[in-house]
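Hi,

Here is the model I promised to send over. Have a look, and then read on for my notes.

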Amino acid sequence: MFRSTLPRISGMVKILLVVASRKETFMNRTGTVYADYQATTPLDPYVRECMDPFWNESFGNPHSTDHITGWQAEKAVNEARASVASLIGADKDEIIFTSGATEANNLALFGLARHMPLIRNRIIVSAVEHKCVLAAARALSVQSRFIIETAPVNDDGMIDLDALQASLNGDVLLVSIMAVNNEVGSIQDIPRIAELLSSYDIPLHCDAAQAPCAVDISGLAKSAEMISLSGHKFYGPQGIGALYIRRDLQGRVEPLIYGGGQQNGLRSGTVPLPLCVGMGAAADMITNSKSALERARIARQRDRFIHLLMDAGPSITVNGPGTNHRHPGNANLCFHGYDAQSILSSLQPKVAASTGAACTSGLPEPSHVLHALGLSTEDSDASIRFSFGRFTTEQDIDKASTLVLQTLESLSLHLSA
């Protein structure tokens, strides 16, 4: 914990006091119901308070080794690194801070591929990976002649383990499987996948950006050799992420960024002190004793939202897995016969949700995830991802469901006119 930033109360008590005191006033100051937590979570007030001193008072360069200001900054970064490591059951020297999960994913794939001979020339990625993983894999196929293969999923978005096992042999360099899907919330059986790979000594990269808010990942480092994380997906600041690289694999990873050799030579450049502190504080919060209760509460709110919509009569179905294998805040819904973009536009500025499928330019395109689950283009274009989280209230659920139903009625009248 960063005890210098708050009064000297025990760390976990501080967290709970700050959350309790700020929760009612923190969100929805504009009246918008925020239902896009999987795009980004809001910065938690406790995290912001932990970060505040490091913008002005404790502003040192963590890599300045000749004076106390640098030493203090380095200590804060190392504490943050230890907190992030604890989140997944790793050691702090195995955590490389990055600008986010996109950079971490690129470092994992490019870093390993550029260092290894083409004896192992196949890379397997799941059909529902984040676009940055798929794009990095495609680039490796063009630039370095790697053969990229796709591991299929079933209609719940779960990896077809038999198909994956059949594709494994000694020429596979890497398998990349995300822990929790960003569109439909599927929670993969990462330990079982790791067990399949172990027979061939194939490292597993796991994009776990969505995982901290979905499941307990305190043992994830036992299963995956590389794990990508993003601070703003679990109530930390935007612009900071991390890549866990198992210690014995670090010598086989080529850096993407060269310079002063910081972070074990794997990612040169000055780390952003306040952002590292913020990600560490967010990691401490998400691993506290109340996290399981928080996930259960969010799941109940999510389920209530779905039932309020489906019980009202419109033709609505849920895309993806059942609740036992689903991110607790995820409700990816297909509004059959409607256009998702029309619904979202009509909801503005009262409800913030997303299709979960926008390319980097922000232009809508068909969801590769929903396509992999077997949805038609028509149903994919009718699907919206609502995602809820820490600051979602019962009033938010009631308001959002009412507004969605009113929008559907309005659009139906417009179409029939």
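A word on terms first: two strands count as paired if DSSP finds at least two bridges between them, and strands (E, at least two residues) and helices (H or I, at least four) are DSSP runs numbered from the N terminus. This is a predicted model, where local features need pLDDT of at least 70 and side-chain atom pairs count only at pLDDT 80 or more, while totals for chains, interfaces and linings use all residues. Residues are numbered from 1 along each chain as its sequence is written, and side-chain values use heavy atoms, with hydrogens and water left out.

On to the sheet. β9 pairs with β10 (residues 330-335) in the antiparallel sense, over three bridges, and Thr317 sits opposite Cys334 of β10. The open sheet has three strands, in the order β9-β10-β12, with antiparallel pairing. β9 (316-318) and β12 (383-387) are at the edges with a single partner strand each, so one side of each has no neighbour in the sheet.

Now the salt bridges (a Lys or Arg side-chain nitrogen within 4 Å of an Asp or Glu carboxyl oxygen). There are 14 by this rule. In one of them, Lys75 meets Glu79 with the closest N and O atoms 2.6 Å apart; both lie in helix α3 (residues 68-88), four residues apart, about one turn of the helix. Another joins Glu394 to Arg304, at 3.3 Å between the closest N and O atoms. Glu394 is in helix α13 (residues 394-416) and Arg304 in helix α9, so this pair ties together parts 90 residues apart in sequence. Asp44, Glu294 and Arg390 are linked in a salt-bridge network.

Cheers
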